[in-house]
Amino acid sequence: MNAVGGRISGISAANDADRYYGLILSGKTAGFASQWLCLYDKRAKSAVAREIEKR
């Protein structure tokens, strides 16, 4: 998978301080192109990743 860098707007905490880090990964899942959004919560020190659905 390839990482795509950039700023994710609208997911900061109060006072415009960054609370989350975001990462978009592009690659293949079961042979098909796919993208995943990974969010890391700096306060909780936990991460979650979900596949981005194309509509």
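This passage describes the fold, surface and selected side-chain pairings of a single predicted chain. The model is predicted, so local features need pLDDT of at least 70 and side-chain atom pairs count only at pLDDT 80 or more, while totals for chains, interfaces and linings use all residues. Residues are numbered from 1 along each chain as its sequence is written, and side-chain values use heavy atoms, with hydrogens and water left out.

The chain contains 0 helices and 4 strands, and its elements follow the order β-β-β-β from the N terminus. Helices (H or I, at least four residues) and strands (E, at least two) are DSSP runs, numbered from the N terminus. Of the 55 residues in the chain, 9% are buried; buried means under 20% relative accessible area, exposed over 50%, and partly exposed in between (1.4 Å probe, protein chains only). The accessible surface comes to about 4600 Å², and carbon and sulfur atoms hold 53% of that surface. These areas come from the Shrake-Rupley method with a 1.4 Å probe, and for residues only the protein chains shown count as cover. Among the contacts (heavy atoms within 4.5 Å) with a separation of 6 or more, 18% join residues 24 or more positions apart.

A search of the whole structure gives 1 salt bridge, defined as a side-chain nitrogen of Lys or Arg within 4 Å of a carboxyl oxygen of Asp or Glu. The partners are the side chains of Arg-19 and Asp-41, with an N to O distance of 2.9 Å. Arg-19 lies in the loop between β1 (2-4) and β2 (20-29) and Asp-41 in strand β3, so the pair ties together parts that are 22 residues apart in sequence. Arg-19 is partly exposed, at 23% relative accessible area, whereas Asp-41 is buried, at 10%. Strand β3 covers residues 32-41. The side chain of Asp-41 also reaches the backbone nitrogen of Arg-43, at 2.9 Å. Apart from neighbours within four places in sequence, Asp-41 is in contact with Arg-19, Tyr-20 and Ser-46.

The whole structure also holds 1 aromatic pair. Rings of Phe, Tyr and Trp (its six-membered ring) pair if their centres lie within 6.5 Å; planes under 30 degrees apart count as stacked, over 60 as edge-to-face and the rest as tilted. The centres of the Tyr-21 and Tyr-40 rings are 6.3 Å apart and their planes are at 15°, so this pair is stacked. Tyr-21 belongs to strand β2 and Tyr-40 to strand β3, so the pair ties together parts 19 residues apart in sequence. Tyr-40 is partly exposed, with 32% relative accessibility. The charged end of Lys-42 sits over the ring of Tyr-21, 4.7 Å from its centre; this term requires NZ of Lys or CZ of Arg within 6 Å of the ring centre and within 35 degrees of the ring normal.

Val-48 is located in strand β4 (residues 46-51) and is partly exposed at 39% relative accessible area. Its C-alpha atom is separated by 5.7 Å from that of Cys-38, 10 residues away along the chain. Beyond neighbours within four places in sequence, Val-48 is in contact with Leu-37, Cys-38 and Leu-39.

Positive phi values occur at Ala-30, about 55°, and at Lys-45, near 55°. Ala-30 is in the loop between β2 and β3 and is exposed, at 72% relative accessible area. Lys-45 is in the loop between β3 and β4 and is exposed, at 65%.

Key
Polar contact = N/O pair within 3.5 Å; in protein donor to acceptor, adjacent residues only side chain to side chain.
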